[in-house]
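Thank you all for making time this morning.

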Amino acid sequence: METFIFAHRGASRLAPENTMAAFTLAQKMGADGIETDVQLTKDQVPILIHDETLHRTTDGIGYVKDYTFEQLKKLDAGKWFSEKYSEERLLSLEEFLKWISNTSLSLNIELKNNIIDYKDIEKEVLELIKHYGVVERTIISSFNPKSIKRFKRLSKEIECACLTSRRPKDLKSLIEETKANALHINYNALNRGLIKEAKRLHLPVRTYTINRPSRLMRSYKLEVDGIFTDVPHSAIEYRELYLHKHKP
């Protein structure tokens with residue numbers, strides 16, 4: 001089995017996260033898919049940003065939810081990373097989907113609603129996914145199990161993943177409760193027993209955030225279904241190395 005490689009917030013080790021620069025670089029490197037984060041603006045526009053606040057990845061201050069999309073578009077989303085990226089701007093989910101719909105990339109959209117439970121974020125995101133015709137290559141994930149449950153009520157066809165930083169005490173119950181189709185888990189919580197149980201439940205397992213060569217190789221050895229990495233070029237290189245070593 002070939003482990004799927006998602007560029008985590010794009011090629012975020014080499015370009016500012018969740019920007020077009022990071023996404024296009026990941027595509028150029030040969031990533032299989034892109035992972036990104038969605039929150040809602042004051043005027044209910046789904047926007048790509050990881051933190052609930054603006055100060056880490058833009059020159060703004062305060063909360064994303066307190067600004068309109070037009071206000072947020074004026075912020076610099078690249079200069080914090082490097083002067084070279086000072087023209088980068090925050091993207092709406094719509095802008096991102098318009099771009100990715102013309103590629104062969106898969107996508108993982110993480111709903112960032114475990115701290116601020118944005119009203120109707122599931123509905124807003126689903127409408128755009130359908131509009132841009134990427135239903136079959138989209139995975140929705142969230143640390144908020146209630147959100148996964150809500151999304152599954154709206155759409156049975158889109159794969160949804162429970163995000164967790166800890167090994168679930170009862171994987172079967174978690175999946176039955178949320179109606180999720182996959183598990184996205186912190187690398188430190190990953191072991192062979194969990195993989196075995198997930199396979200028994202026909203549940204894809206993907207792990208985050210894998211950058212070190214030793215962790216990449218262990219992930220491939222465990223035969224996880226996917227990894228999330230800030231360095232897609234490196235992940236691809238080590239995947240090829242692993243596959244070469246383990247040719248049937």
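Phe 81 is partly exposed, with a relative accessible area of 28%, and please keep in mind throughout that this is a predicted model. The partner of Phe 81 is Trp 80, and the two rings form an edge-to-face aromatic pair, with 5.5 Å from centre to centre and 85° between the planes. Trp 80, for its part, also counts as partly exposed, at 35% relative accessibility.

The structure holds nine aromatic pairs, and another of them joins Phe 4 and Phe 6, which are tilted, with 5.1 Å between the centres and an angle of 50° between the planes. Here Phe 4 is partly exposed, at a relative accessible area of 28%, whereas Phe 6 is buried, at 1%. Phe 4 and Phe 6 also belong, together with Phe 228, to one aromatic cluster. A ring can meet a charge as well, and for this I would point you to Tyr 63, where Lys 65 lies over the face of the ring, at 5.5 Å from the ring centre.

That brings me to the charged residues. The structure holds 17 salt bridges, and I will show three of them. Glu 110 forms a salt bridge with Lys 112, their closest N and O atoms being 3.3 Å apart; Glu 110 is buried, with a relative accessible area of 7%, and Lys 112 counts as buried at 7% too. In the salt bridge between Asp 120 and Lys 119, the closest N and O atoms are 3.6 Å apart, and here Asp 120 is partly exposed at 33%, while Lys 119 is exposed at 63%. Lys 172 and Glu 176 meet in a salt bridge at 3.7 Å, N to O, and because they are four residues apart in helix α6, residues 171–178, about one helical turn separates them. There is also a network of salt bridges that links Arg 9, Glu 17, Asp 37, Asp 51 and Arg 56.

Let me finish with Asp 76, which sits in the loop between α2 (69–73) and β4 (91–92). Leaving aside residues up to four places away in sequence, Asp 76 touches several others, including Thr 57, Thr 58, Tyr 85 and Glu 88.

Conventions
Residues numbered from 1 in each chain as written. Predicted model: local features only at pLDDT ≥ 70, side-chain atom pairs only at ≥ 80, totals over all residues. Heavy atoms only, no water. Phe/Tyr/Trp six-rings, centres within 6.5 Å; stacked < 30°, edge-to-face > 60°. Buried < 20%, exposed > 50% of the residue type's maximum accessible area, 1.4 Å probe, protein only. Lys NZ or Arg CZ within 6 Å of the ring centre and 35° of its normal. Helix = DSSP H or I, 4+ residues; strand = E, 2+ residues; numbered from the N terminus. Contact = heavy atoms within 4.5 Å. Salt bridge = Lys/Arg side-chain N within 4 Å of Asp/Glu carboxyl O.
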